[in-house]
Amino acid sequence: MRDAWDILGIEPTSDERAIKRAYARQLKQTRPEDDAEGFQALRGAYDQALAEARYNCHTAEETDEVAAADGSPVPSAPASSSVETTADAEQVREEMLAAAWKEAAQVWQDFLDVPIKKTAARFAERANEASLSLLAQDALEVIAGRYCAVAGYDREIRDALVEHFRWEDDASHLSRIDGNTAYFAMARFRADKGMDYMRSMDNGFNAYHKLQAKVPPRFDKDTMSQNFMKEMAGLLEVITWRFPEVLEYHLERDVVQWWREKVRTKKYFIETAFYSLVVGLALAGVVAGSLMADSMDTLRFCILMSTCLGLSMGGGALLAFRPPQQLKETWHERLLPYLYDDATKMRARYAWLLPFSAASLAMFYPTPSLLLQLTVGLAIFASSGMAVLAAAPFLNKQGWLWLAALSGAMAFFLSNLVFPAWHWTIALMTCVGLQCLINTSEIRHVDWARIGGGRLMTIRIVWILGVILMLLLASGTPSAAPLQLVFAWLMVVTGLFVAQFDLSLYIAWPLFFFIKVMALGQLKLFKDVADQRLPTLFYFLLMLAIFIGSSMYRAMNERDTATYNY
């Protein structure tokens with residue numbers, strides 16, 4: 001390890017101004033944004049040099065003050081006997097220092113010999129009982145600092161010493177006495193604290209274990225995962241700017257440098273490839289189902305699939321390796337704030353509902369043309385993609401799996417029972433948008449608390465009354481089925497938006513079947529309805545009513561919580 005004076009480029013001195021001038025000269029060549037490690041070494045050398053300079057300046061002054069406080073005479077010798085006077089003062093000083101060190105060493109040994117669990121209280125008790133002089137107190141602090149500055153210390157004892165002397169808040173007194181001891185003791189303390197902090201990070205557990213390797217790997221499959229590399233980048237940022245000491249005592253610099261290079265390198269991550277694949281398949285399905293459903297053979301299907309996958313995978317690669325600067329700035333400065341920011345901007349999370357609702361209403365047209373299917377399919381594809389983009393920050397891996405599985409299951413029923421005249425891929429994309437509403441009900445619950453206030457309770461009551469009104473109209477006026485279908489679909493979308501899906505399915509499903517079989521079956525509703533799509537939508541509404549009623553009941557019984565009336 002290079003000496004602090006070598007790093008600063010000057011000879012050892014007690015002149016603080018010379019040290020600061022040397023630090024300023026070196027700082028022009030070592031910028032923190034260009035060489036973080038070099039800057040950390042320079043800053044450490046600067047602090048250490050200042051500590052040594054101040055210690056050399058104050059040691060003699062403090063010793064003389066202590067001698068005066070203890071009543072030691074300060075003789076005034078004539079100029080002719082200055083040599084003898086200096087020798088006598090030096091001898092007195094040496095004797096006082098020797099006595100102080102002996103006294104402090106005895107207290108330290110007594111502290112180590114008595115095994116008591118409350119370490120901090122035990123050390124404070126021993127120090128207070130000894131009634132140490134000022135010099136002995138300084139000597140005890142130096143002994144404790146030297147214990148903490150070398151390897152092999154007990155973590156419990158070290159933490160007790162830091163707490164007793166309050167070094168974490170201010171170690172300047174120890175620095176004036178013994179600069180090297182203070183520097184290395186606090187460096188080891190911060191290194192241990194940094195390791196504890198990184199170990200406790202929620203999103204850095206896997207990256208933390210990767211950094212503990214002794215040699216850098218030749219290849220690591222986790223470098224292809226965008227989520228893991230985000231964790232690693234966050235961990236490396238903590239090391240660089242908060243706890244650089246861990247590089248000196250716990251981690252290998254070669255390993256850390258290897259991961260830094262991987263974080264800076266642009267990659268085509270697995271997540272990007274997966275999203276590109278999904279987009280390509282969805283686009284091919286929409287185009288094939290709406291434009292060439294009647295004339296699709298194997299060759300045309302392969303050409304269409306290859307074209308859509310090539311466009312989506314190529315677009316993903318372009319965004320990964322060479323993203324357009326203007327698009328990148330728009331994404332970070334305009335779009336992301338709308339997904340994460342406060343109540344005024346978060347409404348944009350649900351702006352996709354307007355084109356989605358309009359396009360899905362067009363799907364009730366009984367005999368759609370190819371042009372209509374293509375137009376509606378692309379509109380549903382775009383709005384559902386916006387829904388996925390808005391829901392992405394709030395979904396984990398389990399949430400994505402539920403989104404895919406439930407979208408497929410829901411698409412089976414909608415494609416066969418509600419939209420039989422439309423291609424199943426369009427129904428699937430419609431279900432993706434609906435499922436995004438279901439999977440983000442928890443964050444929407446918080447959003448309602450910000451912008452909805454007590455209006456949510458009123459909206460839910462009106463929604464339930466609307467369902468009852470639709471049920472009565474369906475039984476009394478079967479001839480108005482097309483209008484009722486449109487109204488029922490809007491009620492489904494609105495119900496998904498205002499519902500909170502926190503009721504257990506073990507309660508919701510039995511309750512649903514009980515109401516359907518025991519109540520509606522006996523009343524024989526919809527017996528005169530020619531269009532059987534209306535009963536199917538009503539059963540969706542019935543399940544939503546169960547969840548909304550559960551949310552209303554919970555809100556009325558939780559008046560002391562922040563979500564009352566929500």
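Good morning. The accessible surface of this protein comes to about 31,600 Å², and 60% of that area belongs to carbon and sulfur atoms. Please note that the model is a predicted one.

I shall begin with the overall fold. The protein has 26 helices and zero strands. Of its 566 residues, 41% count as buried. If we take the contacts between residues at least 6 apart in sequence, 76% of them join residues at least 24 apart.

Let us turn to the interior. In soluble globular proteins, nonpolar side chains tend to be buried together. The largest nonpolar core here has 54 residues, and those touching the most other members are Leu414, Phe419, Leu434, Trp489, Leu537 and Leu541. Several elements give two or more residues to this core, among them helix 14 (270-291), helix 20 (397-418) and helix 26 (533-556). Which helix gives the most? That is helix 24, with nine residues. Because domain 3 (272-437) and domain 4 (452-565) both give residues to this core, it lies between them.

Apart from its neighbours within four places in sequence, Leu541 is in contact with Trp463, Val467, Met470, Ala488, Met491 and Val492. There is also a second, separate core of 29 residues, including Cys148 and Leu161.

Finally, I return to the surface. Ile461, Leu465, Ile468 and Leu472 form a nonpolar patch there, and together they have about 380 Å² of accessible area. Where is Ile468 placed? Ile468 is in helix 23, which covers residues 455-476. Its relative accessibility is 43%, so Ile468 counts as partly exposed, since "exposed" requires over 50%. Thank you.

Key
Residues are numbered from 1 along each chain as its sequence is written. This is a predicted model: local features need pLDDT of at least 70, side-chain atom pairs count only at pLDDT 80 or more; totals for chains, interfaces and linings use all residues. Side-chain values use heavy atoms; hydrogens and water are left out. Helices (H or I, at least four residues) and strands (E, at least two) are DSSP runs, numbered from the N terminus. Buried means under 20% relative accessible area, exposed over 50%, partly exposed in between (1.4 Å probe, protein chains only). Contact means heavy atoms within 4.5 Å. Accessible areas come from the Shrake-Rupley method with a 1.4 Å probe; for residues, only the protein chains shown count as cover. Patches are made of residues with over 30% relative accessible area and no salt bridge: like charges are joined within 9 Å, nonpolar side chains (Val, Leu, Ile, Met, Phe, Trp, Tyr) within 5 Å. A salt bridge is a side-chain nitrogen of Lys or Arg within 4 Å of a carboxyl oxygen of Asp or Glu. A nonpolar core is a set of buried Ala, Val, Leu, Ile, Met, Phe, Trp, Tyr and Cys residues joined through side-chain atoms within 4.5 Å. Domain bounds come from an automatic or database domain assignment.
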